[in-house]
Amino acid sequence: MITVKNLFKIFQTDEVETTALNGVNLEVNGGEFVAIMGPSGCGKSTLLNILGLLDNPSDGEYYFAGQEVGRFSESQRASLRKNNIGFVFQSFNLIDELTVYENVELPLLYLKMPGAERKKRVTQKLEQMNIYQRRNHFPQQLSGGQQQRVAVARAVITDPKIILADEPTGNLDSTHGDEVMAMLGALNQTGTTIVMVTHSPAYAEYAQRVVHLFDGQIITDQQNNNYHL
């Protein structure tokens, strides 16, 4: 599903040049759950942003579903994102002025989905995430764990080919973190491809593969023998 070859990302200011990714090669197959680990500043989030078409690489190749997309324009990236990629962020990124229902519905509005189909799909996802009873609440009225449930529901509402999760448990206590990881694991079991950045070795065990980054390079890429089925 995803292949990157000799990927570089260099950030430049007037005086400083920083190499965030330094010749990264990575392949993610459909249906896999891959965890990306490494110390702060090693390039994890930069790599995830490029995989999510939120940024372009400085050099190298990026193939998504067999198509080279590394040099796509912003409009091309946006079109591919909204139809294929779901995002889950550490900070939830919910819209405070919208209800739970409206936050989850939003990606379907962008796709111009008919109202009856939107209602059916939003109701189904909110029930699946056990948050339907909070559908008329606003994000500030929810716990962190509940907000992340909403964020996951929004990420999967378009049935994306892949979910990219950037520290999805970073703002949660262990109980709610475990719940979110169980949800991601269940989604993966139904065939959704997941790439997750995490600092937690315990949560990395939910992934079938663990990739370690250091100074913008992959230093290990191993199957996870402790994989939680």
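**Exercise 1.** How many bridges join strand S3 to strand S8, and do the two run parallel or antiparallel?

*Solution.* Keep in mind that you're working with a predicted model. Start with the ranges: S3 covers residues 33-37 and S8 covers residues 193-197. Next, count the links: four bridges join these strands, and they run parallel. Now zoom in on one residue: Ala35 has Met196 as its bridge partner in S8. As background, strands in a sheet pair through backbone hydrogen bonds, and this can be parallel or antiparallel.

**Exercise 2.** Work out the strand order of the open sheet and find which strands are at its edges.

*Solution.* First, write down the order: the six strands go S6-S7-S8-S3-S9-S10, with mixed pairing. Then look at the ends: S6 (85-89) and S10 (217-223) are the edge strands, since each of them pairs on one side only.

**Exercise 3.** Which strands do helices H2 and H5 touch, and what angle does each helix make with S6?

*Solution.* Take H2 (residues 74-84) to begin with: this helix packs on the sheet, touching S6 and S7 (162-166), and its direction is at about 80° to that of S6. Now do H5 (residues 144-156): this helix also packs on the sheet and touches S6 and S7, but its direction makes about 170° with that of S6.

**Exercise 4.** Decide whether Glu105 is buried or exposed, and list its contacts beyond its sequence neighbours.

*Solution.* Locate Glu105 first: it sits in helix H3 (residues 100-110). Buried means under 20% relative accessible area. Glu105 has 12% relative accessibility, so it counts as buried. Last, skip the neighbours within four places in sequence, and you find Glu105 in contact with Arg118 and Val122.

Notes
Residues numbered from 1 in each chain as written. Predicted model: local features only at pLDDT ≥ 70, side-chain atom pairs only at ≥ 80, totals over all residues. Heavy atoms only, no water. Pairing = 2+ DSSP bridges. Contact = heavy atoms within 4.5 Å. Axes fitted to C-alpha atoms, helices over the stretch in contact; angles between N-to-C directions. Buried < 20%, exposed > 50% of the residue type's maximum accessible area, 1.4 Å probe, protein only.
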